[in-house]
Amino acid sequence: MSVEEQRALHALLVGPAPAPSTTLDLVIRRGRRTRAARVGTSTLAVLLFIGLVGVAITCLRTPSELEVANSRLVGEQVDWPRVPGDGREPSGPQALVTRNGVLVYQCGIPQDLGVATQETSGSFRDALRSALAERGAHVGYWGEDPASRYLIDIPVSVDGDGSASVAVSTGDYQGTAAQEADVLMFAAGNCLPPKRQRLGDGTTAQLYPAVPDPGGIGIVMHALLLRADGQRVLVSVRSGDQPALPISEADLARALTRVASG
Amino acid sequence: MVRARDEEFAEFFAARFDTYRRIAHAMCGDWAVAEEITQDSFVKVYARWSKVRRDTADAYLRTVLTRSFLDTRRRGRARERVVAEVPDSPVGGESTIPDQEVLRSALLSVPPGQRAVLVLRFVADLSVEQAAAALSCSTGTVKSQTARGLATLRAAYPENVRSV
């Protein structure tokens, strides 16, 4: 290859280019989640294997027993109806996992429910923050960092300490809300079907049982909001290093209802 | 410890992101796809940062980026993922160097595998051995793919239009 040809090709590294939209914060945030998912998947695979071989044999629970076990994790429960399974089942076997000294049931490998491709509206964030604060949770600083617009992670605790949090991400979905909700019925790694309610503005809310947090050390309770206009919002309440969630299932349901009606 | 690791990665990211985005663009010819490939590659590098030695981080990044590009081509862009923001148009218009655009077009006519070799060898200025490591293939394969890629490139970029 001639020197001129080499120079011409090497010159492709310079010249006009659009400004990059990728920020360091975005890369680190995605990288942490990738790493956590990798560690979580490896750990989960081991736990599932152990569960299959021995532990699960002695710990299998019926749906009603799971309901009782779950109520201990999520505190006060909301009276929304649980979705009838209609023959649909979790994608994997039941496993019992210890998180912060608490035994938590999990079925299958959890999917990443967050899509984080749209900015969460300011009114939604403010309404959720107010609703959480009203329930007695100490809500930490809700940053306005542009890099955080797509995935908001707010420290929340009941005693001003600890690493509990509420994370919000927004994206979109195809098809109807009911179809999307059905597809994601067991996506959180939940053994029981989620609770589902149609809120005041036509939004379908799907509230999942608490499950082991695949990216963390505690447990996580997800709520999926499927708006009539095709927008999907995921709210994830994480216990962090605390043994209990910072707000109860009923508190979260009230907050979501208020956000939807506001 | 996490802070020190992140600071080290931040330095690595700041010094290289734009260059690797341009390398990805030379491979795929699309700024949005190049941004996605490069972002995904840095995410993967960050996820393994504690295991990637600083002196081998560039080699690992090149491997991840090249594989991402080739995987994207194999999947035919089936898996679309929205990036945070749509990249702007190039500053100063699509091209201020017409010959460069002719060369870019010619390069895009080269099959993806051979194109990746040409970009690694002559755009990124890597040695045969470094390109082989990035592609996880032998140096012989790099040499043969280079020869074939150059033949295709020269056919699409004949001497009479070269002004360099």
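**Cysteines and helices**

Me: What is the relative accessible area of B:Cys28?
Reply: Buried means under 20% relative accessible area, exposed over 50% and partly exposed in between, with a 1.4 Å probe and protein chains only. B:Cys28 falls in the buried class, with a relative accessible area of 11%.

Me: What kind of model is this?
Reply: Residues are numbered from 1 along each chain as its sequence is written, chains are lettered from A and ligands numbered from 1 in the order in which they are written, and side-chain values use heavy atoms, with hydrogens and water left out. Local features need pLDDT of at least 70, side-chain atom pairs count only at pLDDT 80 or more, and totals for chains, interfaces and linings use all residues; the model is predicted.

Me: Which residues form a disulfide?
Reply: A disulfide is a pair of cysteine sulfur atoms within 2.5 Å. Over all chains, a search of the whole structure finds 1. Its sulfur atoms are 2.1 Å apart, and the partners are A:Cys107 and A:Cys191.

Me: How many residues apart in sequence are the parts that A:Cys107 and A:Cys191 tie together?
Reply: The torsion about the S-S bond of A:Cys107 and A:Cys191 is about 105°, so the disulfide is right-handed. A:Cys107 lies in strand 2 (residues 102–107) of chain A and A:Cys191 in the loop between helix 5 (177–183) and strand 6 (195–198) of chain A, so the parts joined are separated in sequence by 84 residues.

Me: What is the relative accessibility of A:Cys191?
Reply: A:Cys107 is buried at a relative accessible area of 4%. A:Cys191 also counts as buried, at a relative accessibility of 14%.

Me: What pattern does chain B follow along the sequence?
Reply: Helices (H or I, at least four residues) and strands (E, at least two) are DSSP runs, numbered from the N terminus. Chain B has 7 helices and 0 strands. Of its 164 residues, 48% are buried. The pattern read along the sequence is α-α-α-α-α-α-α.

Me: How far apart are the end C-alpha atoms of helix 7 of chain B?
Reply: The expected span of a helix is 1.5 Å times one less than its number of residues. For the 18 residues of helix 7 (residues 139–156) of chain B this gives 26 Å, which agrees with an end-to-end C-alpha distance of 26 Å.

Me: Within what arc do the buried residues of helix 7 of chain B fall?
Reply: The arc is that of the directions from the helix axis to the C-beta atoms. The face turned away from the buried side of helix 7 of chain B carries the exposed residues B:Lys143, B:Arg148 and B:Ala155. B:Val142, B:Gln145, B:Thr146, B:Gly149, B:Leu150 and B:Leu153 are buried in helix 7 of chain B. These buried residues line one face of the helix, so seen down the axis of helix 7 of chain B they fall within an arc of 140°.

Me: Which residues of helix 7 of chain B does helix 6 of chain B meet?
Reply: Axes are lines fitted to C-alpha atoms, for helices over the stretch in contact, and angles run from 0 to 180 degrees between N-to-C directions. Helix 6 (residues 128–135) of chain B packs on helix 7 of chain B at about 100°, with axes 8 Å apart. The two are therefore roughly perpendicular, where under 35 degrees is roughly parallel, over 145 roughly antiparallel, 65 to 115 roughly perpendicular and the rest oblique. With contact meaning heavy atoms within 4.5 Å, B:Val128, B:Glu129, B:Ala131, B:Ala132 and B:Leu135 in helix 6 of chain B meet B:Thr139, B:Val142 and B:Lys143.
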